[in-house]
Amino acid sequence: MTLIIPQRYSCNHGRRFSSCIPQSSLSKMDPILASIIEQVKVDVTTPTQEQDNANQLEEVSRSFISDTITVPTKEMFAYAMRTSLGDDVYSEPSTMALEAHIAKLTGKEAALFVSSGTMGNQLAIRSHLQQPPNSIICDVRAHINKYEGGGAALHSGALQINLTPNNGMYGLMYGDGSPVSGILLMSISAPTRLICLENTLDGTIMPQTDINDIADFAHKNGILMHLDGARLWHVAAETRTPIDELCAPFDSASLCFSKGLGAPVGTCLVGPKAFIQKARWFRKIFGGGMRQTGVLAGSIAYALTHNFALLPKVHALAKRLQAGLDELQVGILSPAETCMVFYDPSTIGVEYWEIIDRAAALPKPITLTGSRLVVHIQTSPEAVDDFLSLLKTLKQEKIQAGFMPSKEGVADSDGMRNVYVKSTRPSTPTPRT
């Protein structure tokens, strides 16, 4: 069989014909192509884009739904534009520099830049596991369990065993590792090969001593350890613990740059060189090989350099928010250790939907969803004040409407908080990212 290669039209400069003819001339010569060119054109900006962006920043500053909503600043973009323009599949210089920095920062041999925390976690699971049957263990509330689409089963054919912390807050097992030992005996047909921890989890810091105990037990039993460290930056800032020390018990870790630090996108997966090389192959298979990522690496470098230092102020604002809720006798479901507060307004006779509706109707609206309040680097202190003022108003309205305090309530150090009659309208659930 003869392979026939069609010839390309070229000019006397050796370049393709279309590249040697000015766009206007080509359009005149080929009206059909000119029509297609017009169809392809698009403008995704608006005539008022600069003002729209300013409005978006204002909205973000008054939203408590997540820290993923932070927006890049002009200063971040300016720095990002100075980065290299290589192809990440073919060794992009600025991205490689970021990966080298994160590997050193975490005390690991190598790092891999990926598009999201979900991809980082799923690549870690797939790269650690050899082939089915295998099982992995994680907290029942973990992102890997609840918000990654069943990826462990889909991508890795793994049985996922989800444990409830025995203290109701953090950790999977302590000291003797008895819960895990029971799982190991029960999972003869799917041996446990990997334990995945998350720090922070729902804004709660897992004590490093407990992590070390779990890791010691795991490694003695030939089990690997992976850390979903999406918000590990908060742990480092709050506990004054270096990143490499936090990552030391783990065979791999993923660290997110768009949660907390305010970069537009991206996560780094870290671990041994051979592990990262394997993860790089799987990243390509998963469709995660990227191209000109230098501008993303630049945005992340700016966030690491300038935004990490803002986290103590974020934590202080979250604790101020909790103090205001405490003063109003609003129930606290989970305290503000870092950037999150989980609250229960039923103690003052108010339901979530009432707060959400009234907050959205303020002259300067506040965006809320359910029980979780997330403070981030672009949260306005004024938004915290306005939110607390709204709750105070709602509480007074309930009292004036004749709601009577009950002896039942939420227990705290002072005894029992008052609770009022609740509406029958369903409360709004809280999505988590």
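Here is a short chat about a few residues in this predicted model.

Student: Which helix does Ser 94 lie in?
Tutor: Look for the stretch that covers residues 93–106. Ser 94 falls inside that run, and the run is helix H6.

Student: Which side chain does the side chain of Ser 94 join in a polar contact?
Tutor: Start with who touches Ser 94, skipping its neighbours within four places in sequence: Thr 83, Ser 84, Gly 294 and Ala 297. One of these also has a side-chain polar contact with Ser 94, at 2.8 Å. That partner is Ser 84.

Student: Is Val 40 buried or exposed?
Tutor: Val 40 sits in helix H3, which spans residues 31–40. It has 60% relative accessibility, and the cut-off for exposed is over 50%. So Val 40 counts as exposed.

Student: How many disulfides does the search of the whole structure find?
Tutor: A disulfide is a covalent bond between the sulfur atoms of two cysteines. The search finds zero. Take Cys 138: the nearest cysteine sulfur belongs to Cys 196 and is 6.2 Å away, whereas a disulfide needs the pair within 2.5 Å. So Cys 138 is in no disulfide, and the count for the whole structure is zero.

Student: Is Cys 138 buried or exposed, and what about Cys 339?
Tutor: Buried means under 20% relative accessible area. Cys 138 has 1%, so it counts as buried. Cys 339 has 0%, so Cys 339 also counts as buried.

Note on methods
Residues numbered from 1 in each chain as written. Predicted model: local features only at pLDDT ≥ 70, side-chain atom pairs only at ≥ 80, totals over all residues. Heavy atoms only, no water. Helix = DSSP H or I, 4+ residues; strand = E, 2+ residues; numbered from the N terminus. Polar contact = N/O pair within 3.5 Å; in protein donor to acceptor, adjacent residues only side chain to side chain. Contact = heavy atoms within 4.5 Å. Buried < 20%, exposed > 50% of the residue type's maximum accessible area, 1.4 Å probe, protein only.
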